[in-house]
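Subject: Structure handover

Hello,

Here is the structure I promised to pass on. Please have a look at it first; my notes follow below.

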2 protein chains.
Amino acid sequence: MSERVITVGLCGFGVVGQGVFNHLQKRENDLSDQLGARVKVTRIAVRDTSKKRDFDFDAAMLTTDPLSIATDPAVDVVCELMGGTTLAKEVTLAALKAGKIVVSANKALICDHGEALFAAAKEGNGQLLFEASVAGGIPVIKAIKESLVVNRFNSIYGILNGTSNYILTRMTNEGAGYQEILAEAKALGYAEADESFDVDGIDAAHKAVVLAYLAYGRWVPYNDLLVQGIAEVTQADIAFAKENGYAIKLLAVIDVAHASGKLYISILPTLVSKKYVLGSVDGVFNAVSVHGDVVGETVYIGPGAGRDATASAVISDIVDAAKLIVNGGAGRFIDPAPRGGAKIELAEPEEIESRYYVRLQVVDKPGVMAEVTSLLAKHDVSLASVTQKEVEEDATSATLIVTTHTTTEQAILDAVKALEASSCVEGKPFTMPVSSFEG
Amino acid sequence: MSERVITVGLCGFGVVGQGVFNHLQKRENDLSDQLGARVKVTRIAVRDTSKKRDFDFDAAMLTTDPLSIATDPAVDVVCELMGGTTLAKEVTLAALKAGKIVVSANKALICDHGEALFAAAKEGNGQLLFEASVAGGIPVIKAIKESLVVNRFNSIYGILNGTSNYILTRMTNEGAGYQEILAEAKALGYAEADESFDVDGIDAAHKAVVLAYLAYGRWVPYNDLLVQGIAEVTQADIAFAKENGYAIKLLAVIDVAHASGKLYISILPTLVSKKYVLGSVDGVFNAVSVHGDVVGETVYIGPGAGRDATASAVISDIVDAAKLIVNGGAGRFIDPAPRGGAKIELAEPEEIESRYYVRLQVVDKPGVMAEVTSLLAKHDVSLASVTQKEVEEDATSATLIVTTHTTTEQAILDAVKALEASSCVEGKPFTMPVSSFEG
């Protein structure tokens, strides 16, 4: 029996590309049983054709020109696994305009150019599938797009960067400082040589933008996000968290402000209750909590990165693409995020409410506590707790930690600015939200 | 513009049926945006046409004959939400043989008659979708079928019955006994008037059979499952769990025996480490942990029952059915579980390994501990811990709790039988597995 072949062109043959190639090949028969069609990689674009790879393949498939794959009429599904946002954008746009189904794991690309990509897909009757772009092997994109299709979304919370979660978990378990754990994470391969992308919240922010588009149909510009990484988290913060039943997580929050109904996205170190499921997701794991208005809360946990986990997600998209082609549903653009349709507005800092944690280094002299608390009161920030550990006799400054009742982001920004300017406070105060959910 | 209409016939208009009707209607425009087609309920089968319902609808849609909907050429998607396994089976078989796409939330039906239903679907080129049959609003069926399509499965663990989890959670938090909490759960609507289906593990077992089919392609007969409910769990067990860092969960285990590679399914009260994510899923929530050989472990948590959560899952299947019809992919049977294809064998009790917990009521006289430990040793069961709390001066018996090192299910069954027959032991010993995963 002659079986239909669905052809896949891989643009990029690094860690993930080779994982996709390997697992597609190993499970070719399983997938063919299910599809009634055979999925085969027929072309691979690489930068260096002479480089040694982990898996055997027919060298005749290689090209150094990914654009030739993007527009090759003999390629059904284009897999963009190159990374970067310049050539990757060119290749993805070309393929979508040519009416291809493109599978991408590239969150930076989709975050920065999602609007253009979906416009090109619409123009060319192509489709863009991107399960692997958020939370690696966890199928949260499909959950939001398909499983929760009848829902509108109240909020999405996510631990979206495995490297940051790994570092925070080890700082918590071992009592060691950020720099020490970061160095070990690099040595062990859990952090890149240039760690900034991960620990500064940039990677998590890219993913949050993609999730926000899916849930609310709006591309939020990166510059409108409030993003802070984990480099300023100290053992003082971790000790406070432990003593008070919290864990510190780099938490992405995609939420709608209560009063105004406007959208905001933040990626911030956050005190998360240990009683809440996200407070116990440790190590390199990712987790996403999705609040739908029909289903309630569903939570998805799993490996957020890694060759095989990412390949599993990429291949789920390739198989969906193959099904569409087999069923005759290809060649028609479907916007993954039309629900509601309205362009939701973005919230201003004075519309965003939370409880906050503030850590200050204060000079050790009379009147300091009065000064700090009156500065907070002046900005309408009301105290929930104050902690100052006993200091040594000869210390000249002390660490003061306050938590606040619910206030606005604008109020806390203003109050912290005023504190920073005060002669009682040394250096820059550190602040983070205290999440209210207990699950 | 004249838009295509996808017609849905609801067989059953109880709590879930009305939820599906309501949310489909409320989000008709959202869904139409996404589908390019309008999904409409056009017929509803009920037992009593005069009964008052929660939502307004056109009474002309009503019939008392669900079979007339199953074979109605004007109905595209048949939704079986009647419950039961007699008429529901007839209706589902008729619809599948007529080439319909059938959406079902009926785990008892699929567990008991899955093989016949899928055979009918194959014969008639129909399709059976059943997201809502396992874990309510949590999209775990789609995750296994589609998102993890390239994976073969090492194991699946699940908290699959919300009522049991609710009762165990309250027993743990409040220190109250099973009967007391059960009575309150009934009063609050968290348990049915006849609770046996939920608390005896039957409902969880139905769902485990469905998951096992999806993962391994084999319909395991209900009688081949090891099923025990939660009614025998006492505060002595809960106290032991708390003191040793465990929670007691009614855990469904779908696993492959190490040495033999054979499949087994059990639904048993189980000591689960609090460090493991499933050990912290409390209340009515369900959770499923899926171990795929490519992706690793992914975990899905959410509401396992309830009108709206179940409706969310049913509607995701209806929309998938509508997409298939719009794309032209309907009218072709697809087996959701062909991977591997081989008929995996079922493990015997001597092939299943675990650590176990055993609670005994022993008479308070010299030599008892020697007798108990030598009986266990005789069956090759080696002790990991022994706990006997100090008893009152005038007590005639004491509670003895032992945990074992890894042994086989057969060994523990034999050992417990011997203990029960011993004159040192009063009544029936209670035993449960100690799970080894820490996540």
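**How the two chains are related**

Chain B can be laid on chain A by a turn of 180 degrees, with a shift of 0.0 Å along the axis and an RMSD of 0.0 Å. The two copies are thus related as by a two-fold rotation axis. In chain B, the C-alpha nearest that axis belongs to Tyr300(B), at 2.4 Å from it. Both copies use the same surface: 100% of the contact residues of chain B recur in chain A. Keep in mind that this is a predicted model.

**The interface**

How many residues does the contact take from each chain? It takes 51 residues from chain B and 51 residues from chain A. The size of an interface is often given as the accessible area lost when the parts come together. Here the area buried between chain B and chain A is about 4,300 Å². Carbon and sulfur atoms give 55% of that area.

Three residues of chain B lose the most area to chain A: Arg27(B), Gln34(B) and Val150(B). Together they make up 16% of what that side buries.

There are also charged pairs to look at. Six salt bridges are found across the interface of chain B and chain A. A salt bridge joins the side chains of Asp293(B) and Arg27(A), with N to O at 2.6 Å.

**The annotated positions**

UniProt, in an unreviewed entry, lists Glu192(A) under "binding site". Where is Glu192(A) found? It sits in the loop of chain A between helix 8 (178–187) and helix 9 (196–199). Glu192(A) has a relative accessible area of 51%. The cut-off for exposed is over 50%, so Glu192(A) counts as exposed. Not counting residues up to four places away in sequence, Glu192(A) touches Lys186(A) and Asp198(A).

The unreviewed UniProt entry also carries the annotation "domain: ACT", covering residues 357–433 of chain A. Over that stretch the chain is 31% helix and 42% strand. The end C-alpha atoms of the stretch are 6 Å apart.

**Helix 12 of chain A**

Helix 12 of chain A covers residues 307–327, which is 21 residues. From its first C-alpha to its last it reaches 30 Å, close to the 30 Å expected at 1.5 Å a residue. Is this helix mostly covered or mostly exposed? It is mostly covered, with 17 of its 21 residues buried. Gly328(A) follows helix 12, and its phi is positive, near 85 degrees.

Now compare Thr71(B) and His291(B). They are 220 residues apart in sequence and 39 Å apart in space, C-alpha to C-alpha.

Thr71(B) lies in the loop between helix 3 (66–70) and strand 4 (77–80) of chain B. It is partly exposed, with a relative accessible area of 44%. Leaving out residues up to four places away in sequence, Thr71(B) touches Ala94(B) and Lys100(B).

His291(B) is found in strand 11 (residues 285–292) of chain B. Its relative accessibility is 19%. Buried means under 20%, so His291(B) counts as buried. Beyond its neighbours within four places in sequence, the contacts of His291(B) include Arg152(B), Phe153(B), Tyr276(B) and Glu297(B).

Best wishes

Terms used. Residues are numbered from 1 along each chain as its sequence is written. Chains are lettered from A and ligands numbered from 1 in the order in which they are written. This is a predicted model: local features need pLDDT of at least 70, side-chain atom pairs count only at pLDDT 80 or more; totals for chains, interfaces and linings use all residues. Side-chain values use heavy atoms; hydrogens and water are left out. UniProt positions are given in the numbering used here, feature names are shortened, and annotations may be inferred rather than shown by experiment. Helices (H or I, at least four residues) and strands (E, at least two) are DSSP runs, numbered from the N terminus. Buried means under 20% relative accessible area, exposed over 50%, partly exposed in between (1.4 Å probe, protein chains only). Contact means heavy atoms within 4.5 Å. Copies are superposed by least squares on the C-alpha atoms of residues with pLDDT of at least 70 in both. The expected span of a helix is 1.5 Å times one less than its number of residues. Buried area is the accessible area (1.4 Å probe) that two parts lose on being put together, summed over both. A salt bridge is a side-chain nitrogen of Lys or Arg within 4 Å of a carboxyl oxygen of Asp or Glu.
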